Amino acid sequence: MFRRTEPTDCTITWEGRTLPARTGESLAAALLAAGITAFRETPVSGSPRGPLCLMGACFDCLVEVEGAQNMQACLVPVSPGLRVAMQRGARDFVEDAA
Ligand code: FES
């Protein structure tokens, strides 16, 4: 679907798979360049969703980054070794300890 025009210089991990990436590019760009188009599953039906706007407006690119849920892949810059997973359903509820 997408073809890289610049060389990669690092790797990231998607769902346990090692993918080539370029430091500083958006995580969404790296995943799309690797052929990943479904970034999350909707909370109601579990339908796959992927990035739409690529500028932080639509929230269809939500992923888990280093265990943190609800991260917008189009706004997260790639750093070497980043661990990323699909966001499945709604994020977990974390009760405030206070
Ligand atoms: S692609 Fe729309 S918010 Fe990321």
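Asp60 and Arg40 join their side chains in a salt bridge, with N and O 2.6 Å apart. Asp60 sits in the loop between β4 (48–49) and β5, while Arg40 belongs to strand β3 (residues 40–41), so the pair ties together parts that are 20 residues apart in sequence. Both Asp60 and Arg40 are buried. This is a predicted model.

## Other salt bridges

The whole structure holds 5 salt bridges. One of them links Arg4 with Glu25, whose closest N and O atoms are 2.9 Å apart. Arg4 lies in the segment before β1 and Glu25 in the loop between β2 and α1, so parts 21 residues apart in sequence are tied together. Glu25 is buried because its relative accessible area, 17%, is under 20%. Arg4 has 25% relative accessibility and counts as partly exposed.

Glu6 and Arg22 make another salt bridge, with 3.1 Å between the closest N and O atoms. Here too, distant parts of the chain are linked: Glu6 is in the segment before β1, and Arg22 is in the loop between β2 and α1, 16 residues apart. Glu6 is partly exposed at 46% relative accessibility. Arg22 is also partly exposed, at 27%.

Strand β5 (residues 62–65) pairs with strand β6 (residues 68–72). The two are antiparallel and share 3 bridges. Val65 faces Ala68 in β6. The strands form a hairpin with 2 residues between them. In that turn, Glu66 has a positive phi of about 55°.

β5 also pairs with strand β7 (residues 83–88), again antiparallel and through 3 bridges. Val63 has Met86 in β7 as its bridge partner.

## The nonpolar core

The largest nonpolar core has 22 residues. Ile12, Trp14, Leu27, Leu31, Phe39 and Val63 touch the most other members. Two or more residues come from each of β1 (10–14), β2 (17–21), α1 (27–33), β5 and β7. α1 gives the most, with 5 residues.

Ile12 shows how parts of the chain meet. Beyond its neighbours within four places in sequence, Ile12 contacts residues including Leu19, Leu27, Leu31, Val78 and Leu82.

## A buried glutamine

Gln72 is part of strand β6. Gln72 counts as buried, because its relative accessibility of 16% falls under 20%. Its side chain reaches the backbone oxygen of Gly56 at 3.2 Å. Setting aside neighbours within four places in sequence, Gln72 is in contact with Gly56, Ala57, Phe59, Cys61 and Leu62.

Terms used. Residues are numbered from 1 along each chain as its sequence is written. This is a predicted model: local features need pLDDT of at least 70, side-chain atom pairs count only at pLDDT 80 or more; totals for chains, interfaces and linings use all residues. Side-chain values use heavy atoms; hydrogens and water are left out. Two strands pair if DSSP finds at least two bridges between them. Helices (H or I, at least four residues) and strands (E, at least two) are DSSP runs, numbered from the N terminus. A nonpolar core is a set of buried Ala, Val, Leu, Ile, Met, Phe, Trp, Tyr and Cys residues joined through side-chain atoms within 4.5 Å. Buried means under 20% relative accessible area, exposed over 50%, partly exposed in between (1.4 Å probe, protein chains only). Contact means heavy atoms within 4.5 Å. A polar contact is a pair of N or O atoms within 3.5 Å; within protein, one must be able to donate a hydrogen and the other to accept it, and residues adjacent in sequence count only if both atoms are side-chain atoms. A salt bridge is a side-chain nitrogen of Lys or Arg within 4 Å of a carboxyl oxygen of Asp or Glu.
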